[in-house]
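Here are a few exercises to work through with the model open beside you. Try each task before you read its solution.

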Amino acid sequence: MFQLKNVTRQFGKKTAVSSVTFDIPQGQMVGVIGRSGAGKSTLLRMINRLVDLSSGSIDFDGAEVSSLRGAALRTWQRDCAMIFQQFNLVPRLDVLTNVLLGRLNHRSTVLSILNMFTREERIMAIGALERLGIEQTALQAAGTLSGGQQQRVAIARALMQQPKVLLADEPIASLDPLNAKIVMDALRDINERDGITVITNLHTLDTARNYCERIIGMAHGRVVFDGQPRDLTAAAVAEIYGADTGIEESMTSTSINIPAAAPQEETASAGLKPLALAGI
Ligand SMILES: Nc1ncnc2c1ncn2[C@@H]1O[C@H](COP(=O)(O)OP(=O)(O)OP(=O)(O)O)[C@@H](O)[C@H]1O
Ligand SMILES: [Mg+2]
């Protein structure tokens, strides 16, 4: 169970996240939406402490994660895995080694420096790759994989941390619609089968609606919507994205129901943020 109380982050005079308060029960799948600059990434980064809070507190299962230091902070960052839009793999290393890197926080520094992994860890890594359907890529350099495959490697690496929480910062923003679906299905499976809380930033409304039982809408650093997909009315969408943007749901769609003969450019650009949402 997460409890965020008045979570605030300032960068100089800019308030990126402003007095955010909400609870998340264990095992929920939450989508965070909002236009560019709304504070979505900063919020996720504060949860796993890549960014410190300016004020407020974040508790997980009764422990205050916002004040952890040293080894306790590293343990939290192991329990709270994170995946990113750009995958953050080591491109020259093979896929299996990239996945094994997810074990680093579980082991002694000496073993880590020697880059020695146990037989059990290797079996676990292959199992994670099999779960994501990409075990055949195990010995390939990660940089040679498609974006969708790379994101699945990143998820497999996150699973190696045996996390309690999985944070995903726009995990499908660089992917074509089919790979976006594969990655979102994988996140849903991890949430449902393993009971891991998933909090994911998304720039597409339909993805948030289809996959998340709860949607948090942010605007100007504040939470302006917190509810179930069915509560996300046109008025709520206008408040999240700004009434001036003229947002229509179809503009943010990553639906895979595109014609099979769609031109290549169209498919390639489907993962890009719509201009209106990018705040341009
Ligand atoms: N390290 C930083 N230094 C200064 N300002 C920052 C920093 N990180 C974020 N900001 C500012 O905080 C605000 C919120 O940024 P954030 O990246 O959290 O937004 P976002 O909702 O994730 O946007 P996007 O959809 O573009 O990813 C923005 O105005 C941004 O410029
Ligand atoms: Mg962001």
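**Exercise 1.** Which residue in E7 is the bridge partner of Ile-83?

*Solution.* Before starting, note that this is a predicted model, where local features need pLDDT of at least 70, side-chain atom pairs count only at pLDDT 80 or more, and totals for chains, interfaces and linings use all residues. Residues are numbered from 1 along each chain as its sequence is written, while chains are lettered from A and ligands numbered from 1 in the order in which they are written.

Step 1: find the strands. Helices (H or I, at least four residues) and strands (E, at least two) are DSSP runs, numbered from the N terminus. The chain has 10 helices and 10 strands.

Step 2: go to E7, residues 165–169, which runs parallel to E6 and is joined to it by five bridges.

Step 3: read off the partner of Ile-83, which is Ala-168.

**Exercise 2.** Work out the strand order of the open sheet with six strands, and say which strands stand at its edges.

*Solution.* Step 1: list the pairs, counting two strands as paired if DSSP finds at least two bridges between them. The order comes out as E6-E7-E8-E3-E9-E10, with mixed pairing.

Step 1: look at the ends. E6 (80–84) and E10 (222–227) each have a single partner strand, so one side of each is left without a neighbour in the sheet.

Step 2: Neighbouring strands here are turned by 15° against each other on average, direction ignored. Axes are lines fitted to C-alpha atoms, for helices over the stretch in contact, and angles run from 0 to 180 degrees between N-to-C directions.

Step 3: H7 (residues 177–194) lies across E3, E7 and E8, at about 155° to E8.

**Exercise 3.** Describe the shell around ligand 1, then follow it into H1.

*Solution.* Step 1: collect the residues whose C-beta atom, placed from the backbone, lies within 6 Å of the ligand. Among them are Phe-11, Lys-14, Ala-16, Gly-39 and Lys-40.

Step 1: find the top supplier. That's H1, with three residues.

Step 2: Seven of its eight residues are buried, so H1 is largely enclosed by the rest of the structure.

Step 3: step back to Gly-39, in the loop between E3 and H1. Gly-39 is buried, with 25 other C-beta atoms within 10 Å. Its C-alpha atom is 5.2 Å from that of Ala-16, 23 residues away along the chain.

**Exercise 4.** Asn-88 and His-220 each have a positive phi without being glycine. Where do they sit, and are they buried or exposed?

*Solution.* Step 1: take Asn-88, with phi of about 55°. Asn-88 is in the loop between E6 and H3, and is exposed, with 12 other C-beta atoms within 10 Å.

Step 1: take His-220, with phi of about 50°. His-220 lies in the loop between E9 and E10 and is partly exposed, with 15 other C-beta atoms within 10 Å.

Terms used:
Two residues are in contact if their C-beta atoms, placed from the backbone, lie within 7 Å. A residue is buried if 20 or more other C-beta atoms lie within 10 Å of its own, exposed if 12 or fewer, and partly exposed in between; C-beta atoms are placed from the backbone.
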